[in-house]
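Dear colleague,

Please find the structure below, handed over for your review.

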Amino acid sequence: MKYSKIKELYSTIFDSYAKPSLETHINKIIELDQFLPYSSTFFCVTNTQDLTFEYVSKNFTSCLGLDDNDLKIKGMRYFWSRIHPDDVEIWLSAMHHLMDFTLSEIPIKQRNKANYTWNYRFKNEKGTYVNIVQNTTPLDFDNEMKPIIGLAHYTVLDPKINMQITATAKLLNDQNEYETVYFNNFSQKLLKEGISNRERDIIRLLVLDKTSKEISESLNISSHTVDTHRRNILKKLKLSSTGELVAMIKLNNII
């Protein structure tokens, strides 16, 4: 997906005319960062209005091997360019659903107690796509209590871990404990939205390494029809080959 399209969709999700002040938040976080040990986690203050990172903690470089100045200077465009291409659209969909849920289901007075988590693959300095789990807490809101500034906490996990892309929203209850109020598995949604029952039947047989001829005999349809369905499936899921489709199904344990 092109940067211009990512920017358009992202800006739509976080659209606001407010220009909040971050100085107080950032000063507190800088002070805290001086005392935190080096670890496999880092945090940033994200400004969704300017598409910038207002602050990047010292662990960013130790976690990913990347220069934190690149992140500060180039902003979110640089960050987005390092998300795995196959995860970008799913990640944007997760952001959109989380924002919709926040504005429609979380009362205004409770939004300052919300906390959001999602994950994606991210390319480090060595060119390896590691898993990142991002946990974001809103720091500031616009006049309509739409979250637009966040403290994002990132945990970097081994690339060998197979993770389905999920999104979660939690709220702090009266006992000061977080309760999950929203959860969605977006990897599974890939095959729940837009895929017909017949296409689903074909995918199941492809996972069993059946040929188009064998699938046509099993479903009592022509081989030509099977091939047409296969092309449509790849187009809908934005995949380049049947092998990539089967790998995705097995990797995410779906269907």
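Is Lys 72 buried, partly exposed or exposed? At 38% relative accessibility, Lys 72 counts as partly exposed, where buried means under 20% relative accessible area, exposed over 50%, and partly exposed in between (1.4 Å probe, protein chains only).

Please note that this is a predicted model, in which local features need pLDDT of at least 70 and side-chain atom pairs count only at pLDDT 80 or more, while totals for chains, interfaces and linings use all residues. Residues are numbered from 1 along each chain as its sequence is written, and side-chain values use heavy atoms, with hydrogens and water left out.

Salt bridges

The structure holds 6 salt bridges, each defined as a side-chain nitrogen of Lys or Arg within 4 Å of a carboxyl oxygen of Asp or Glu. In one of them, Lys 72 is paired with Asp 68 at 3.5 Å, N to O. The two residues are 4 apart in helix H4 (residues 68-81), and are therefore separated by about one helical turn; helices are DSSP runs (H or I, at least four residues), numbered from the N terminus. Asp 68, at 18% relative accessibility, counts as buried.

Helix H4 also holds Asp 70 and Lys 74, again 4 residues apart, or about one turn of the helix. Their side chains meet in a salt bridge of 4.0 Å, N to O. Asp 70 is partly exposed, with a relative accessible area of 26%, and Lys 74 is partly exposed at 49%.

In helix H7 (residues 197-207), Asp 201 and Arg 204 are 3 residues apart, so about one helical turn separates them. Their salt bridge is 3.4 Å, N to O. Both Asp 201, at 28%, and Arg 204, at 39%, are partly exposed. Together with Arg 198, these two residues are linked in a network of salt bridges.

Nonpolar cores

A nonpolar core is a set of buried Ala, Val, Leu, Ile, Met, Phe, Trp, Tyr and Cys residues joined through side-chain atoms within 4.5 Å. The largest one has 45 residues, of which Leu 64, Phe 79, Trp 80, Trp 91, Tyr 120 and Tyr 154 touch the most other members. Helix H5 (residues 85-105) contributes the largest share of this core, 9 residues. Apart from it lies another core, of 16 residues, including Ile 203, Leu 205, Ile 215 and Leu 239.

Beyond its neighbours within four places in sequence, Trp 91 is in contact (heavy atoms within 4.5 Å) with Ile 6, Tyr 10, Trp 80, Ile 83, Trp 118 and Tyr 120.

Yours sincerely
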